[in-house]
Amino acid sequence: MICDHVHNRFSASTMPYLGSEDTVRDLRKALANPHVQSDQLRYRNVILKVIRLMSQGLDVSSLFSEMVKACATVDIVQKKLVYVFLCSYASLNPELSLLVINTLRKDCQDSNPMVRSLALRNMTNLRLPGLMEYVEQPLTAGLRDRAACVRRVAVLGWAKLHNLQPNSEIDAVVVNELYSLLRDTDPVVMVNCLRALEEILKEEGGVAINKPIAHHLLNRLKDCDVWGQSEVLKFLQRYQPQSEDELFDILSMLDSSLVSPHPTVMASTLSLFLSLCWALPAVNLAALERVRVPLLAACGSASREIRFTVLCHIQLLLRSVPGLMGAHYKRFFCGYAEPAYIKQRKMQVLVELVNDDNVAILLDELKDYCTDVNTDTAQAAISAVGRIGRSYSDRCLVILIGLLGLKQENITSAVVQTMRDLVWVCPQCSETVCSALEGCEEILQDSQGKQALLWLLGTYGERVSSAPYTLEVFIDKVRCETSSSVKMELLTATLRLFLCRPAETQEMLGRLLHYAIDEETDMCIRDQALLYYRLLQCGVDETRKVVQGRRSDPSLGVLIGRPAEPVRHWARVFNTLKPLWQSFSETESVRGRSCQDAAFEPNSDLSDALTSCQLESVQTESADERTPSPAGALSTSTIVPLSLLPTLTPGEFENLWLRGNMQSNTVRGAEQAVEEEDVFCLTTHVQCGNVTQSSPQSFQAAMQLVNIQILAFTPSDTLPWRVYLYTHTQAPPRTTLILGELLYTGKPNEEGGAQDGTRDDENAEKTMVGRQTGKKVNNEEEDASGIRNSGELAKDNGQIAEVKVTLKQQPRNGKALRGFLSVLITVLHTLSSERE
């Protein structure tokens, strides 16, 4: 009884604090009480209680009529509180809200500018459907108000009014008034006018910046606050100087902003520099050098968000100026208390800064990060060591092998995956890697690490003495394995090991195939096992041709890094959100110091020749882009924007290239590309003179000028001559990925091979594709685009080389494929003319 009584008293006393109906009823009585209304302080406190309950989520909309009466006061604090309430519930009480309009219009004529600005702001914040006729006149008068605070609110009020009724047209007189207010004495009014005009004139392309406006904004730039300067600098990108003298005058005025201590102003100024100086690469590079100190200072900012943003943009800058931060690499060492995402981004920057002088210091630093308590940070550090290992394999392998000795699950998994990637691009490391794999299977528990180990055992199993026994452990536990990817990798690895060590592997392969075909419930695994079983029925030689593809050849010069690319390739995304979400974890930008990986600067003749063809993408999205319109080799119907991002690793390229569901179709030219499938393959031949004799560095630099990434190539003095490349096209309606292979065997592509009983691989592929598609592949003359049919004879006389071009695209986009092929042919012809 006593407990129940206490509980009831406690509940009754606390119910008002929980927001019961009694609480709202008591507040209504207090708001209507004449004694409370006569005491200004008590009245304000009651209103404050209403606002507090509203902020806590209690529905106090029933007090709307009482709050409407409370707005008729001279107390500006009480007005602010009441207006907050009215703007929150105006949409629920549109009829009662109209009663407030008269009070607000009266306040717009008050002698106190604070009251006038407050009334204008809340009049537009009510967001009522029929508000236009009541608000236009006060807003128009507010634009001419003598108080700057009122003009600020009135300018933004027109933008709010336009958003409230987007289909209605704003009077041209108002637009002219807003343009005239760009010369207002108050800098905030000027910036607000830019924002309002941009919103109102959105369908017309936004605010127009001509020469008088641009010069006025530049002269008033120092009067604005930090965010105002950033806004002004963004709008100034729409103006293009009419002469070189005017350009350099503008750059001189912006010079102090370029080294501003505020990162937002510095970034906006640099973005404007890059926009104005698109045709002056030397000026762009000088500007990048100037911002080095502000960028390094921003890397030490107390704000984590600013640090992360700066690191992302530094990665952009390093693509054009690799040595920009080289002497300050220690500024990118990770702090103990830094969050994981900043540490990982710093490690990516450190990989970009590696050279012969600092490689030892950087590897020692990254080695400490490999044992970080955060698993993601440790794996990122191990991956960074692996990327450095593509240039300094011996030093990095010592670190990776030492990490295997720790016998920690997450570290071992990351190391095995890194070794797999390293072996793919550096086959000379295979002996050392294979000798370090002993005992790893006992530690690995995650599927990614198991797949990497199985791939290594299947590819280099003949060098690992315990490979059959290791696979047997996996086969014995295959019924307990939950990952389908591991099972499929186990099938492939066991079959590959059987081909090189049949006596030790035959029995376990039979057991594995029996399980996968008869017991496995996953249809993908079962189908793969059936494929291997039927291949084995065709003979070991046939199986070897299918399963044991070409391994990485030590003669292939993998491009560890790329030469300094023009600033214009990434200038349009600088100071945007794109660098923040764009992943650079797989970028191939580690600067090697070997002879074939050294940075190469293209000669001026080659650059001019390619530039004259205007192979760059046409930026038609906005008026700010100053890229010249294309002319010459390509028509506007075939030009598509090409992009190097996102990057592909060699492993990703190989998986996509060898994907089984890529359907081959041999055609005469790009115009006949069959577009029924989402994944498309095209094979054709191109006459390109002496392009095969071009140096790999020249070939790479030429492709970089048109945003085509070369992943690997063979030396020019070897046959067959082969190049692997890729790019991303931005042709609507979606982005597509194009993989390519250029092949020159040095032999003529003769059709008569089928008549004398012999047929080369290319004719066999053409015959097979003809059967699959049910179409006849005819031999025709070279068409207008310069593409020759695969049946035409190649002239192997040292003057004309016929290069086989194989392109694979996903997803299918005929326009993008035609445009890319046209760009590729023009580059090949340009290089041929340079050689001649």
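At what angle do helix H27 and helix H29 pack, and how far apart are their axes? Helix H27 covers residues 467–476 and helix H29 covers residues 502–518. They pack at an angle of about 15 degrees, with axes 10 Å apart. Angles under 35 degrees count as roughly parallel, and that makes H27 roughly parallel to H29. Their crossing is left-handed. On the H27 side, the contact is made by Pro468, Tyr469, Leu471, Glu472, Ile475 and Asp476. On the H29 side, Glu504, Met508, Arg511 and Leu512 take part. Sort the residues of this contact by type and you get six nonpolar, no polar and four charged.

Now step back to the whole chain. This is a predicted model. The protein chain has 836 residues. It holds 37 helices and seven strands. Buried residues make up 53% of the chain. Look also at contacts between residues at least 6 apart in sequence. Of these, 69% join residues at least 24 apart.

Thr494 is found in helix H28, which runs over residues 484–500. Is Thr494 buried or exposed? Its relative accessibility is 0%, so Thr494 counts as buried. Which residues does Thr494 touch, leaving out those up to four places away in sequence? They are Leu471, Ile475, Thr505, Met508, Leu509 and Leu512. Some of these names have come up already. Leu471 and Ile475 belong to the H27 side of the helix contact, and Met508 and Leu512 to the H29 side.

Helix H11 (residues 172–180) and helix H12 (residues 187–200) pack at an angle of about 150 degrees. Their axes are 9 Å apart. Angles over 145 degrees count as roughly antiparallel. H11 and H12 are therefore roughly antiparallel to each other. This crossing is left-handed. H11 contributes Val175, Leu178 and Tyr179 to the contact, while H12 contributes Cys193, Leu197 and Ile200.

Helix H17 spans residues 281–290, and Asn284, Ala287 and Leu288 are buried in it. Seen down the axis of H17, the buried residues fall within an arc of 100 degrees, so they line one face of the helix. An α-helix has 3.6 residues a turn, so residues three or four places apart point the same way. What covers the buried residues of H17? The cover includes helix H15 (244–258), helix H16 (263–276), helix H18 (292–298) and helix H19 (304–320).

Helix H19 leads on to Ser320, which has its place there. Ser320 has a relative accessible area of 7%, so it is buried. Setting aside residues up to four places away in sequence, Ser320 touches Leu285, Ala564, Glu565, Pro566, Val567 and Trp570.

Loops can hold buried residues too. Leu128 sits in the loop between helix H8 (113–125) and helix H9 (132–143). Its relative accessibility is 4%, so Leu128 counts as buried. Which residues is Leu128 in contact with, apart from neighbours within four places in sequence? They are Ala90, Pro94, Ser97, Leu98 and Leu164. Glu95 is 33 residues from Leu128 along the chain, yet their C-alpha atoms are separated by 9.6 Å.

Finally, turn to the backbone. Most residues other than glycine have a negative phi, and most peptide bonds are trans. Lys407 has a positive phi, near 55 degrees. Lys407 lies in the loop between helix H23 (393–404) and helix H24 (409–425). At 57% relative accessibility, Lys407 counts as exposed. Asn575 also has a positive phi, near 65 degrees. Its loop runs between helix H31 (540–547) and helix H32 (578–581). At 35% relative accessibility, Asn575 counts as partly exposed. Gln810 and Pro811 are joined by a cis peptide bond, with omega about -5 degrees. Pro811 lies in the loop between strand E7 (802–810) and helix H37 (814–835).

Note on methods
Residues are numbered from 1 along each chain as its sequence is written. This is a predicted model: local features need pLDDT of at least 70, side-chain atom pairs count only at pLDDT 80 or more; totals for chains, interfaces and linings use all residues. Side-chain values use heavy atoms; hydrogens and water are left out. Helices (H or I, at least four residues) and strands (E, at least two) are DSSP runs, numbered from the N terminus. Buried means under 20% relative accessible area, exposed over 50%, partly exposed in between (1.4 Å probe, protein chains only). Contact means heavy atoms within 4.5 Å. Axes are lines fitted to C-alpha atoms, for helices over the stretch in contact, and angles run from 0 to 180 degrees between N-to-C directions. Angles under 35 degrees count as roughly parallel, over 145 as roughly antiparallel, 65 to 115 as roughly perpendicular and the rest as oblique. A crossing is left-handed if the near helix is turned anticlockwise from the far one by less than a right angle, and right-handed if clockwise. Ala, Val, Leu, Ile, Met, Phe, Trp, Tyr, Cys and Pro count as nonpolar, Asp, Glu, Lys and Arg as charged, and the others, Gly among them, as polar. The arc is that of the directions from the helix axis to the C-beta atoms.
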